[in-house]
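Open the model in your viewer and keep the selection panel at hand. Each stop below says what to select and what is there.

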Amino acid sequence: EGKYKGLKCLALFYYTIGDAHHQYAQDSNITETYSQAKDMFSKSVQAGWKFSDEDDDVFFANQIALFYSKSCSRAEDRELFLRDVDKMINCCNYAKGPSACIIHFHKGVTLLKHSRPDEALTSFRTSLKLTANIPVAKLSQYLGQHQIYNQIGTCHHDMTHYRLAISMFDKVIANYDQNDDKSLKYGLSAMYHRGLSLSFLGKLDEGYTALESFINFMETNRL
């Protein structure tokens with residue numbers, strides 16, 4: 001236990017430095033500072049942080065995974081993240097809790113960004129499965145099922161599984177919250193991609209109607 005506490009203190013030390021670099025990078029837009037943040041976050045993960053499902057650890061897991069999934073634009077960054085994210089999953093004290101659920105989701109986001117939709121689909125399905133046993137309050141500020149359904153739909157769309165994609169987008173459209181900005185973002189994405197999927201299936205009239213409804217919604221709400 002003493003060794004674990006020491007490792008967590010070291011991991012938090014690296015995390016704090018990484019977060020400071022990240023905040024400065026956002027304010028200054030200096031690429032080198034993003035790189036320094038990435039290096040510190042990586043050291044934080046590799047220090048052996050045992051991510052529990054305590055609120056603080058869930059927060060830290062989300063912050064690290066979110067940073068990586070947003071900033072991995074180069075192949076070497078992607079490989080670094082995939083190495084670190086697997087380490088994070090293996091270091092979750094309870095591998096079926098909110099920390100693991102969030103990490104699997106962001107692993108999928110990174111894989112999808114880099115044109116690996118089949119692997120991303122596996123990560124998103126794992127994340128979705130984990131939500132079944134996690135209290136909503138533990139996840140709601142970080143991740144919702146509508147986000148996962150939307151990403152699963154995008155994977156199917158990219159793999160030309162258009163009927164499966166539409167079934168996922170329908171779930172998002174039926175459940176998104178127009179008054180919540182994050183939920184609305186995924187709802188709009190689902191509307192748009194649903195129209196594209198219908199068109200690629202050869203259902204041109206339905207696809208046109210869906211895309212027209214999407215455009216009308218955007219114009220009506222001045223989005």
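This is a predicted model: local features need pLDDT of at least 70, side-chain atom pairs count only at pLDDT 80 or more; totals for chains, interfaces and linings use all residues.

**Stop 1: the main core**

Select I64, Y68, F124 and L143. These four have the most contacts inside the largest nonpolar core, which holds 50 residues.

Leaving aside residues up to four places away in sequence, L143 touches C101, I102, F105, S127 and I148.

A further core lies apart from the largest one. Select L184, L188, M191 and F217, which are among its six residues.

**Stop 2: H104**

Go back to helix α5 and pick H104, which is found there. Is H104 buried or exposed? H104 has a relative accessible area of 13%. The cut-off for buried is under 20%, so H104 counts as buried.

Which residues does H104 touch? Select I89, S123, T126, S127 and L130; again, residues up to four places away in sequence are not counted.

**Stop 3: helices α8 and α10**

Two packed helices are described by the angle between their axes and the distance between the axes. Select α8, residues 145-158, and α10, residues 181-200. Their axes come within 10 Å and cross at roughly 25 degrees. Angles under 35 degrees count as roughly parallel, so α8 is roughly parallel to α10. The crossing of the two is left-handed.

Now show the side chains where the helices meet. On the α8 side, select H146, Q147, N150, Q151 and H157. On the α10 side, select K182, S183, Y186, S189, A190, H193, L196, S197 and F200. Colour the contact by class: nine residues are polar, four are nonpolar and one is charged.

**Stop 4: two loops**

Move to the loop between α5 and α6 (117-131) and pick S115. Its phi is near 60 degrees, a positive value in a residue other than glycine. What is the relative accessibility of S115? S115 stands at 64%. Exposed means over 50%, so S115 counts as exposed.

Finish at T160, in the loop between α8 and α9 (162-175). T160 is not a glycine, yet phi is positive here too, near 65 degrees.

Definitions and conventions: Residues are numbered from 1 along each chain as its sequence is written. Side-chain values use heavy atoms; hydrogens and water are left out. A nonpolar core is a set of buried Ala, Val, Leu, Ile, Met, Phe, Trp, Tyr and Cys residues joined through side-chain atoms within 4.5 Å. Buried means under 20% relative accessible area, exposed over 50%, partly exposed in between (1.4 Å probe, protein chains only). Contact means heavy atoms within 4.5 Å. Axes are lines fitted to C-alpha atoms, for helices over the stretch in contact, and angles run from 0 to 180 degrees between N-to-C directions. Helices (H or I, at least four residues) and strands (E, at least two) are DSSP runs, numbered from the N terminus. Angles under 35 degrees count as roughly parallel, over 145 as roughly antiparallel, 65 to 115 as roughly perpendicular and the rest as oblique. A crossing is left-handed if the near helix is turned anticlockwise from the far one by less than a right angle, and right-handed if clockwise. Ala, Val, Leu, Ile, Met, Phe, Trp, Tyr, Cys and Pro count as nonpolar, Asp, Glu, Lys and Arg as charged, and the others, Gly among them, as polar.
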